[in-house]
Amino acid sequence: MSPDEVVNAAVRMLLFNVNSGSCVDDMLQDQAILFMSLASGKSSLRVSHLNNRSKAVIKAIETFTEVKINVSPAEVGKGTKTRRNILIECEGQGLINEDIVPPEDSLERVDTTV
């Protein structure tokens, strides 16, 4: 593949992702879904299409955890520029890494009285 062909392929991929209305590209969506399932609260992610890796990650998450992931069609834009996307939503497990986020009671109390 010549350098020109590599550049053209990269630009086509970039333009597709920018114009798709999705939040992440095809390579990142499966990783984002995994982090959504671990996070606290409701998470949502808009993608242009659901790739096979993401389908496998969703199946694994739902098999090994109690997290249920909702995948539904979504429309982006108005008028003639309406695009069909996929909306992925879930209520995460709410895992907290205690090594990074200290418990509430260990935080210093700051006196704000003047």
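## Basis of the description

The model is predicted, and local features are reported only at pLDDT of at least 70, side-chain atom pairs only at pLDDT 80 or more, while totals for chains, interfaces and linings use all residues. Residues are numbered from 1 along each chain as its sequence is written, and side-chain values rest on heavy atoms, with hydrogens and water left out.

## Overall architecture

The protein chain contains three helices and three strands, arranged along the sequence as α-α-β-α-β-β.

Of the 114 residues in the protein chain, 26% are buried; buried denotes under 20% relative accessible area, exposed over 50%, and partly exposed the range in between, with a 1.4 Å probe and protein chains only. The accessible surface of the chain is about 8600 Å², and carbon and sulfur atoms account for 58% of that area. Accessible areas follow the Shrake-Rupley method with a 1.4 Å probe, and for residues only the protein chains shown count as cover. Among contacts between residues at least 6 apart in sequence, 57% join residues at least 24 apart, a contact being heavy atoms within 4.5 Å.

## Cysteines

The whole structure holds zero disulfides, a disulfide being a pair of cysteine sulfur atoms within 2.5 Å. C23 is exposed at a relative accessible area of 57%, whereas C90 is buried at 4%.

Helix α1 comprises 18 residues, 3–20, and extends 26 Å from its first C-alpha to its last, close to the expected 26 Å. The expected span is 1.5 Å times one less than the number of residues. Within α1 lies N17, which is buried with a relative accessible area of 18%. Beyond its neighbours within four places in sequence, N17 is in contact with S22, D25 and D26. The helix is followed by G21, whose phi is positive, near 85°.

S22 belongs to the loop between α1 and α2 and is buried at 16% relative accessible area. Its side chain makes a polar contact of 2.8 Å with the side chain of S20 and reaches the backbone oxygen of V24 at 3.1 Å. A polar contact is a pair of N or O atoms within 3.5 Å; within protein, one atom must be able to donate a hydrogen and the other to accept it, and residues adjacent in sequence count only if both atoms are side-chain atoms. Not counting residues up to four places away in sequence, S22 touches N17, R46, V47, S48 and N85.

## Surroundings of Q29 and H49

Q29 lies in helix α2, residues 29–38, and is buried at 1% relative accessibility. The Q29 side chain reaches two backbone atoms: the oxygen of H49 at 3.1 Å and the nitrogen of N51 at 3.1 Å. With residues up to four places away in sequence set aside, Q29 touches V24, L45, V47, H49, L50, N51 and S54.

S22 and H49 are 27 residues apart in sequence, with their C-alpha atoms 8.8 Å apart. R84 and H49 are 35 residues apart along the chain, and their C-alpha atoms are likewise separated by 8.8 Å. R84 is found in strand β3, residues 83–91, and is exposed with a relative accessible area of 58%. Outside four places in sequence, R84 touches S48, P73, A74 and E75.

## Helix α3

N51 caps the N-terminal end of α3, with a side-chain oxygen 3.2 Å from the backbone nitrogen of R53. The helix has 13 residues, 52–64, and its end C-alpha atoms are 18 Å apart, in agreement with the 18 Å it should span.

Which residues of α3 are buried? They are S54, V57, I58 and I61. Seen down the helix axis, these buried residues fall within an arc of 100°, so they line one face of α3; the arc is that of the directions from the axis to the C-beta atoms. An α-helix has 3.6 residues a turn, so residues three or four places apart point the same way. The face of α3 turned away from the buried side carries the exposed residues N52, K59, T63 and F64.

Key. Helices (H or I, at least four residues) and strands (E, at least two) are DSSP runs, numbered from the N terminus.
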